[in-house]
Amino acid sequence: MEIKINRTLSTIEDIHQLLDETMKVVKLLNSDDVVTVNMQRLRYITPVGLTGFLSVLDYLEDRLEVGIIAPIDINPIKYMERMNFFKVCSENVKEQFEEQKDMAFIYNRNRNNLVDELLEIRVAKTHQQIVEISTLIKGIFKNKGLKGNRLSDIQSFITELGNNVIDHTKSSCFIAVKNNEDENEIEIAVADRGEGIYNSLKDVLTVQSPHEIVEAAITTKASRLSDEDRGKGLMDIKQRAFRWSEASVSLRTNNAIYEITKCGVNPILEGKNSFGTFFWIKVNYS
Amino acid sequence: MKTELLLSVHEEPIQLLNRTQLKDFKQAIMNKISNAAMNTVFVLDMAKISDTNGSGIDEVIAKPLKWLINEFIDKKVEKYIYLVNLSPEEEHDHAYNIESTLNIEQLCIMAKVEDSFSILGYIGGSKGSLKQILEFVYSRKEVTARDVVDAFDKQLNTASTQLSKLYEKRLIAREEIQMPEGGRQFVYKSLF
């Protein structure tokens, strides 16, 4: 069985499509079956898309034998390498790329030392790693001249979402931050492959529909750990995001993409039930 | 009132970025507060704290503050807390982060800023009236309800109620004194 990757993997809608395709195929497979992730058509991938892709691979490799068909176009592979994809993906995935492509050439390209400038994909499994990533990213944006309050917001987006992943799922946390300098825009993506917001909260809330539960998770103190007086992190993120001159906040969880606005949480696209929660925050600092 | 530092000296400032890692730290703070004598005013020195987020502020500032308010309402425990040495915006941006978290919790705390003060969080009241009176108390250091009446042309009952609200929120202290001409009245005092 094959999971086909589209030409682009760059938005939360693309991640939504990938999850739909993944769940459609996984449903037909038994454990230890082989699934091939066919990337032949892929032409364009962004850090946001990479977080979704990594979480899908992580999910599949836990259950099935995973084969890879590498993209025909070399450019997305170069970009994936530059974003450290091959340092954070599994050895299995890396080896299959190496069998199909001249990866030595890509690995050995001259790289400028952009450690303080380039925001590569990060994977965290502990709170300490989340804190370290947030501190590093805060430092990068501080060097770029972003102002104090906005630096605090970025650090909060990463730490609140990342710590939630560590606290509420058994999953790794995949983090990407993209700075679109020409448009004064910053994109932050935080993905996991946990059970999702609905499954995490359905037994502790009186509201029952998945959409109501997701809305309660964002706009109230609803939490599985409410006896510890928790559940304010997502409220804080929403409050902070809309202080920027422009902001869009969306997430994909359970079976839908939700748009989070100042006033509420609206489902905008439905699909198949899947694992994981995928946050995508875009803020503009013009 | 006795003033006491809430944090012992740390070699390195602490990051308040992860709630789970702060459980022991918060417990130490709560123990110190609950074991202290009545009329203690705690000073949280923010110079010992570096980067923060909402969850960290919630554990170390909002929850102890909420506890102080509840202890006062339930048991008339007279203890207070305020902040000093807030880091500026370009460094750890304390005021903004504290304000964000306390707004969600509808809590308010005072911060000493050089020779002045800052009000952080949600204070409530209509048309800024509580904020106006709080600023008045901190600029005068000590006031009575009669002083508020004279300064803002309010009814005595209104002034008393508003001062009492600020006192319940643990933003100002109160002392009952004997009047020379007989009778008693409350004097409301700033925490610093």
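Ser152(A) sits in helix α8 of chain A, which spans residues 148-168. Helices here are DSSP runs of H or I with at least four residues, strands are runs of E with at least two, and both are numbered from the N terminus. This is a predicted model, where local features need pLDDT of at least 70, side-chain atom pairs count only at pLDDT 80 or more, and totals for chains, interfaces and linings use all residues. Residues are numbered from 1 along each chain as its sequence is written, chains are lettered from A and ligands numbered from 1 in the order in which they are written, and side-chain values use heavy atoms, with hydrogens and water left out.

Is Ser152(A) buried or exposed? Ser152(A) is buried, because its relative accessible area is 3%. Buried means under 20%, exposed means over 50%, and partly exposed lies in between, with a 1.4 Å probe and protein chains only. Which residues does Ser152(A) contact, leaving aside neighbours within four places in sequence? They are Arg240(A), His92(B), Asp93(B), Tyr96(B) and Asn97(B). Contact means heavy atoms within 4.5 Å.

## Chain A as a whole

Chain A has eleven helices and twelve strands. Its radius of gyration is 19 Å, which agrees with the value near 19 Å for a compact globule of 286 residues. That radius is taken over C-alpha atoms, and the globule rule is 2.2 Å times the number of residues to the power 0.38. The C-alpha atoms fill a box of roughly 50 × 50 × 30 Å along the principal axes.

Of the 286 residues of chain A, 56% count as buried. Take the contacts between residues at least 6 apart in sequence: 70% of them join residues at least 24 apart. Chain A exposes about 12400 Å², and carbon and sulfur atoms supply 45% of that area. Accessible areas come from the Shrake-Rupley method with a 1.4 Å probe; for residues, only the protein chains shown count as cover.

## Helix α10 and its partners

Helix α10 of chain A covers residues 210-219. Its residues Ile213(A), Val214(A), Ala216(A), Ala217(A) and Ile218(A) are buried. What do the buried residues of α10(A) pack against? Their partners in chain A are α9 (196-201), α11 (233-241), β9, β10, β11 (265-270) and β12.

## The end of chain A

Tyr285(A) lies in the segment after β12 (277-284). This tyrosine is partly exposed, because its relative accessible area is 27%. Tyr285(A) and Ile5(A) are 280 residues apart in sequence, and their C-alpha atoms are 33 Å apart in space. Beyond neighbours within four places in sequence, the contacts of Tyr285(A) include Leu146(A), Asn179(A), Trp244(A) and Ser245(A).

## Two positive phi angles

Most residues other than glycine have a negative phi. Asn254(A) has a positive phi, near 60°. Asn254(A) lies in the loop between β9 (246-253) and β10 (256-260) of chain A. Asn254(A) is buried, with a relative accessible area of 7%.

Lys76(B) also has a positive phi, about 60°, although it is not a glycine. Where is Lys76(B)? Lys76(B) is in the loop between α2 (54-75) and β5 (79-84) of chain B.

## The domains of chain B

Chain B is assigned domain 1 (1-122) and domain 2 (124-192). Such bounds come from an automatic or database domain assignment. The centres of the two domains, taken over C-alpha atoms, are 24 Å apart. Across the two, 21 residues of domain 1 are in contact with 17 residues of domain 2.
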